[in-house]
Structure formats: C-alpha cells, structure tokens
Amino acid sequence: MMPSNPFSAKEVEASFGGRYVLGAELRVGGQGVVYRAKRVRLPDSSACNDEVALKLHLDAKQDKRVQREIEAMKHLRHPALATLLEEGTITISGKQTRYIAWEFIDGEPLDLRLSRGAVTEQEAIRIARDVTSAIVALWARHIVHRDIAPKNIMTKPNGSAILIDLGGARHLDNTSITAAGMTFGTPGYFSPEQFRAERALTSASDVFTLAVVLLECLLGHHPTNHDQHQLASSPPSANLLVPGVGTELRETINQMLQLRAAFRPPADKLHITFQRLAK
Amino acid sequence: MYFFNARLRFKIRPTATTIPGSIIAASAISAVDLERRKFGDYGHFKKKLLDPQLYVATVDPALDPEIVARLAAYPWFHGEDVPKYKSGEHGTRTAWKKKHKGSLISKWTRTVPTTPDAIRKAAHAAVEFQLKLGCDGILLAVPLTTIADQTLQAELDWIEAGIQACADLKVQCPVYATVALSEAVLHVPALKNPLVHALSNYVASRAELAGAYIVLEQTEPSSYFWNSKDPLMALLVLVDDLVRGAGKKVIVNYVGTFGLVANAVGAEIWSTGYYLMQRRFSLKGMTGIARPRYHSLALAGDIGVKEDLARIRNAGLVDKLMTPTSADAVLRTALARGKRPRFCAGMEILAKQLLCRTRALLANRLRDGCEARFDVPGSATRLGSEVANRSREIGGCYRAEGTRRNCDRYESSKSLARCLHRLE
C-alpha cells in the first residue's frame with residue numbers, strides 16, 4: 001500500500017504561520033513527504049521569495065539520521081549538492097514534526113529519467129562529473145553519502161546533476177546509528193564493503209555505487225537487475241555490457257567497480273577524468 | 001630498501017654496503033637518551049624514523065619493566081608528568097632513569113587515551129617529538145588492533161588526530177599511518193578479511209598520508225617466526241592494496257626476513273635486526289632469548305639451527321634450502337655426517353640457556369666469523385646481490401601472476417609461507 005500524507009496542505013501552511021505557500025506534493029514515502037513550496041518569509045519574519053523543496057519528516061525513529069543530514073549539510077555549499085536553506089521542528093495537528101527546506105532543483109530525478117530509457121554517453125559523463133565533484137566535497141569533510149542511487153540524483157535541463165538526500169550520510173567522527181550487521185543504502189547499489197556491513201566506509205564506497213549508476217544510465221536498466229550478491233562478488237564489466245561506449249569511459253567504470261576498495265580510483269582523480277571526457 | 005631496527009647502542013659493525021636507514025623503536029631507548037644522541041656519527045642513521053609504538057600501550061609491566069619505564073617517559077604515553085632531565089640537577093642520565101623508573105612504571109595504565117582531547121594532545125606530542133628528532137618521515141601513533149571491530153573507531157580517531165597534528169605543525173616529510181595488527185584478528189583468509197581491506201581502504205582514501213607503517217603482533221611469542229599463513233598473507237594483501245592499488249608507500253616491521261617478501265611485493269622499506277626484540281613484536285614478551293639463525297637465500301628467510309637444520313637434512317632438502325658458502329662448510333659437513341647441529345663446533349652453546357651478557361658476546365662472535373650463516377645485516381650485505389636477486393625473483397613471480405585472479409597472485413608467497421610453516 002502506498003504511504004499517504006497524514007497532513008493537509010492547509011494544516012501545514014497554518015503550522016508555519018503562512019511563511020510557506022505549498023505547491024505540488026513531489027514525493028510521499030514512509031519517512032516523509034516533500035512539497036514544492038514558496039518560502040515567503042524567513043523565521044525572523046523578513047521577506048523572501050525562495051522556491052524550496054520542503055520535506056516533512058514523519059518517522060520520529062529517523063530523527064538521528066535527519067539531524068546527521070542537517071549537520072552534514074548546514075555549512076556545505078556546493079553546486080552539485082542540494083543547499084539546505086532552513087531546518088527546524090514545527091507542530092502540525094499536535095504532532096511534533098522535523099522539517100528541512102532545501103533549495104528547489106528544477107529538474108528530474110534520474111530514476112524517472114531512466115524510466116524512459118538509457119541516456120547518451122555524454123549525459124552519463126556529465127552526471128559522473130557532477131556526482132564525483134559532490135563526493136569529493138563530502139569526503140573533504142569525512143562524509144560518505146552511502147546512498148548514491150538514481151532516486152537521489154536530480155538531473156537539470158542543462159545536463160548537470162545534483163546529489164540529494166544525505167539522510168544516510170555518515171560522518172567518520174560520528175558513531176554509527178546503523179545496527180551492527182545492518183547496512184544503510186539502497187539494495188542493488190551497495191558497494192561490496194557496504195554489503196558486508198562494514199562501518200569504516202570511505203569515499204571509495206560512493207565511487208563503486210556511482211559506477212553502478214553509470215552503467216544503469218548507459219544501459220537504461222540496472223546492470224545486475226538489482227542482484228546485490230552479484231555486485232558484491234563479481235561486479236559487471238563495462239566492456240561486456242556497454243561495448244559501444246568510449247574505451248576510456250569503460251576502463252574508468254571498470255576501475256570504479258574493483259572489489260578491493262583500495263584499487264578504485266580516488267574521487268578527485270575521477271572528477272578530473274570525467275571533466276576531461278565531458279564535451 | 002632495508003632499514004635496521006636500532007637499539008640503545010647505535011654502533012653496529014661495518015657492513016660491506018651501507019645500511020640506508022634505521023627505525024628507532026621507542027621501547028628500545030628512553031626519550032632522555034634519544035634526545036641527546038648524535039646521529040651523524042652513524043652511517044645507518046642517514047635516514048631515520050621513530051616508531052612511537054603506541055601499539056605497545058597494553059604491555060604488562062610485570063613482564064617487561066625496563067621497556068615500560070622507557071616507553072612511559074615519552075610524552076604520548078605519560079611523559080608529560082615526568083620532570084625534565086637536567087644534567088646539573090639530576091647527575092647522569094642513568095641516575096635520572098633509575099630515580100624515576102618506579103614512578104614511571106606505576107603510571108603505566110596499560111591503556112591508551114580515549115577522550116578526543118587526550119588523543120589530540122598525545123598524537124600531537126608524537127608528531128612533534130619526531131620532528132624535533134629530525135626524522136625523515138612521521139609514523140603516526142595508532143593503537144593496536146586486537147578486535148575485528150569493523151568500525152575501527154579508535155584507530156581512525158588516532159590517525160585523524162595525527163593527520164591534524166601534522167597539518168598544525170606544517171609537516172613537510174612523508175606521513176605514514178601506523179597499522180598495527182594483532183595476529184588474533186588475522187586468522188581468516190586474508191583476501192576475505194574485511195578488516196584488512198577496511199584499513200587499506202582508509203589509508204588509501206586519505207591524501208594526506210604517504211602510506212602505512214605496518215606492524216604485526218605475534219600472539220604466541222614462543223615462535224621465533226610467523227608460522228601461520230593467514231597473517232603473512234594479510235600483510236601481503238595490505239601491501240598490495242596500498243602499493244599497487246592506491247599508489248601509496250609501505251614500511252613493514254617485525255616480520256623478520258619475511259619483510260623481504262613484502263619488499264618484493266612492493267613495500268618500500270622492510271626493517272629487522274639481530275635480536276628478538278628487533279625482529280618480532282609480541283605483547284607477551286618484548287624481549288627474550290635470540291638464537292642466531294641460519295639464513296637461507298633459497299627461502300629468503302631463516303632456518304632454526306637447533307632442530308630445523310636436522311629436519312632439512314632428514315627431508316633431503318639440504319641442497320634445495322641451504323646456501324653453500326665457505327662460512328657454513330663445517331655445519332654442512334657435520335650435517336652430512338649425521339650430527340645434530342648442536343654438536344657442531346661453536347654451536348653447542350646455542351642449546352643452552354644463556355645469560356644476556358654471554359648472548360651479546362656470542363652475537364658479536366657470530367657476526368665476526370659466520371656472517372653468511374646468520375641473518376644479521378652483515379650477512380645480508382655481504383650476500384647483498386644474491387638477496388637482491390632473490391628479491392627480484394620473488395617480485396617477478398608476483399608481476400607474472402599479476403594478470404591472474406587476485407587469489408592466484410599470492411601463490412608464490414603461499415608456497416613460501418608453507419615452507420616456513422613446515423620448517424617451524
């Protein structure tokens with residue numbers, strides 16, 4: 001059964017004291033609901049006119065993750081990462097609810113784009129270029145995204161991409177909030193070490209996951225049909241799956257899919273490679 | 001590149017080729033002595049590194065009081081509280097050490113600092129001390145990994161604190177993260193040991209690190225060598241991950257002449273020495289009786305003289321495993337006549353329990369007269385070219401295997417490990 005939004009738009013707007021004017025409901029999931037909205041006043045009541053993606057977090061169990069996402073993104077400004085504009089807690093119909101207002105990205109989630117088929121090689125390279133730059137920015141702060149998947153990549157009409165949803169991001173200085181033996185992320189996109197529920201993940205894990213996304217972009221479908229065991233034991237070969245794409249891109253993807261994390265290229269070098277390959 | 005594991009006495013006998021550098025273990029020499037040493041007088045200190053040995057923090061003072069007294073005076077352990085030595089005030093350094101030995105040992109908590117502030121201070125002190133000493137690289141102080149806990153939180157906290165200290169102190173030389181692993185966490189097939197990959201992955205991911213300084217702890221100190229395959233394989237996998245995978249540098253220590261194999265796989269530096277405490281590391285006994293070993297070029301390793309030589313003879317492996325030199329002619333003749341090595345001239349004494357002083361004298365004698373027979377730097381240098389050839393040969397095996405699957409890549413070292421295992 002599809003999760004439903006427990007609040008009406010009017011209830012939400014009233015709870016914010018009219019600071020937000022809600023538009024379309026963009027996503028509803030078990031953890032929350034996302035609206036396209038217009039922020040007309042800041043918390044200090046000064047006027048503004050921002051297009052935002054307003055996310056209400058409905059699952060109180062996820063509060064720690066939400067807080068971690070807030071901490072990770074509060075002071076981070078990067079063109080390939082969604083910008084956090086405001087966060088806090090409001091009472092909607094008597095229920096304490098965490099919210100985050102993100103900059104609104106006028107684009108399309110990559111999963112929706114891929115539902116229409118594969119992207120071109122250049123489109124894939126541009127996505128890789130932008131996501132690797134986001135991975136570099138996060139890793140500079142010792143943050144691993146842990147959930148790079150098409151649903152968490154927004155593509156803009158100009159071909160650029162933005163990485164969203166750092167709800168599962170792990171800062172190395174923080175203790176784990178994932179139970180021992182459990183892992184966080186999206187099955188079918190786990191790196192081998194993530195699949196083994198290792199805790200000391202690095203940006204190499206995000207690099208592996210991005211390679212899976214890239215293959216999916218080039219194929220138009222998931223490279224192992226979401227078979228996580230295959231991904232973690234014998235990752236697919238770009239040479240076999242997408243023989244038609246450029247040699248350097250295929251070789252780069254194959255390196256990103258190395259089972260041993262230390263053998264994967266670092267994100268900063270990958271970013272330079274994808275920058276060069278992007279025309 | 002071979003580095004010598006330096007001890008309290010810096011002077012070593014001249015060798016045919018220069019030893020390019022040394023690693024000074026904090027447990028081998030007290031801070032008060034080390035700070036006053038002149039390194040320029042010794043060729044093997046042309047390059048020097050100081051191992052802060054935080055991984056020894058849990059050693060039992062009842063087992064090794066001398067070592068604990070030395071370590072405790074370093075600022076990253078408990079040395080901050082130790083009164084500074086002043087010759088006018090305290091007399092000789094020996095007198096100072098004697099006076100403070102008891103209080104230093106009593107302060108030994110057998111733990112490492114755990115609060116962020118204490119870690120930051122200790123990590124900073126370790127880096128600062130190495131800088132003042134003029135080390136050619138910084139070895140970050142990191143505790144021993146004894147539990148296969150994949151968060152590696154303590155280890156990573158220390159590495160991060162060390163990296164931060166290097167940034168604060170504007171360190172220009174290469175920085176190596178110490179990876180100190182207890183044998184207890186390595187008894188699983190190395191390629192499937194997540195701990196090994198998690199560590200190499202982490203070091204690989206930190207651009208600030210030039211590489212890793214890898215130390216393995218032997219949980220069973222009765223053995224002179226590593227006699228189980230998995231820990232040795234773990235070492236090779238770590239080296240391979242970091243060198244071939246991530247393009248980092250690796251220094252290995254305390255694996256005896258197996259360091260030569262690690263060197264062939266890609267380690268930049270391997271370090272060992274004559275005595276037990278220079279050759280292997282175990283928390284159950286840092287020191288102990290060091291019996292000279294027969295150094296076999298065929299094995300690129302040592303063979304025990306007490307029993308193993310006889311086993312080799314009985315197995316008909318003399319020609320395969322022993323390296324005929326003029327120096328071991330007597331020994332080989334004795335073996336051929338069916339005599340046990342302990343009855344060979346000059347060998348009988350080895351079978352007895354020796355006093356420390358006698359052992360030191362014996363070691364000198366052996367170095368003088370039987371260099372080729374024993375794995376001392378003298379022998380390695382006299383037979384340097386053969387050792388180097390062997391090293392290249394092993395390295396060639398790895399490169400030749402490089403196109404095969406990862407598991408196969410280690411076949412040659414597996415056979416070597418098996419060989420050592422059988423001999424031990």
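**A walk through a predicted two-chain model**

Colleague: Over how many bridges do β1(B) and strand β2 (residues 21-25) of chain B pair?
Modeller: Please keep in mind that this is a predicted model. One of the facing residues is F3(B), which stands opposite G21(B) in β2(B). The two strands, β1(B) and β2(B), pair in the parallel sense, and the number of bridges is 4.

Colleague: Which residue of β8(B) does F3(B) stand opposite?
Modeller: β1(B) also pairs with strand β8 (residues 269-272) of chain B, in the parallel sense over 3 bridges. Within β8(B), the residue opposite F3(B) is S271(B).

Colleague: Which strands stand at the edges of the open sheet in chain B?
Modeller: This sheet has 8 strands with parallel pairing, in the order β3-β2-β1-β8-β7-β6-β5-β4. On average, neighbouring strands are turned by 25° against each other, direction ignored. A strand with a single partner has one side left without a neighbour in the sheet, so the edges are β3 (47-51) and β4 (138-140) of chain B.

Colleague: How many bridges join strand β5 (residues 175-182) of chain B to strand β6 (residues 211-217) of chain B?
Modeller: L181(B) stands opposite L216(B) in β6(B). β5(B) and β6(B) run parallel, and the number of bridges joining them is 7.

Colleague: At about what angle to β4(B) does helix α6 (residues 153-168) of chain B run?
Modeller: Helix α6 of chain B lies across two strands, β4 and β5 of chain B. Relative to β4(B), the helix runs at about 145°.

Colleague: What percentage of the residues in chain B is buried?
Modeller: Chain B holds 17 helices and 10 strands. Of its contacts between residues at least 6 apart in sequence, 69% join residues at least 24 apart. Among the 424 residues of chain B, the buried share is 51%.

Colleague: Where the two chains meet, which element supplies the largest share of the side of chain B that touches chain A?
Modeller: The contact takes 16 residues from chain B and 15 residues from chain A. On the chain B side, α7 (194-205) and α8 (229-245) each supply at least two residues. By class, that side has 8 nonpolar, 7 polar and 1 charged residues. Its largest share is 8 residues, and they come from α7(B).

Colleague: What distance separates the centres of domain 1 of chain A and domain 2 of chain A?
Modeller: Chain A is divided into domain 1 (9-103) and domain 2 (108-277). In the contact between them, 12 residues of domain 1 meet 18 residues of domain 2. The domain 1 side of this contact divides into 7 nonpolar, 1 polar and 4 charged residues. Taken over C-alpha atoms, the centres are separated by 27 Å.

Colleague: Which residue of β9(A) is the bridge partner of I153(A)?
Modeller: Chain A has an open sheet of 3 strands in the order β6-β8-β9, with antiparallel pairing. Strand β8 (residues 153-155) of chain A is joined to β9(A) by 3 bridges. In β9(A), the partner of I153(A) is L163(A).

Colleague: Is A47(A) buried or exposed?
Modeller: A47(A) sits in strand β3 (residues 47-57) of chain A. Beyond four places in sequence, A47(A) is in contact with V40(A) and R41(A). A47(A) has 8 of them, so A47(A) is exposed.

Methods:
Residues numbered from 1 in each chain as written. Chains lettered and ligands numbered in written order. Predicted model: local features only at pLDDT ≥ 70, side-chain atom pairs only at ≥ 80, totals over all residues. Domains from an automatic or database assignment. Contact = placed C-beta atoms within 7 Å. Nonpolar A, V, L, I, M, F, W, Y, C, P; charged D, E, K, R; others polar. Buried ≥ 20, exposed ≤ 12 C-beta atoms within 10 Å, placed from the backbone. Pairing = 2+ DSSP bridges. Axes fitted to C-alpha atoms, helices over the stretch in contact; angles between N-to-C directions.
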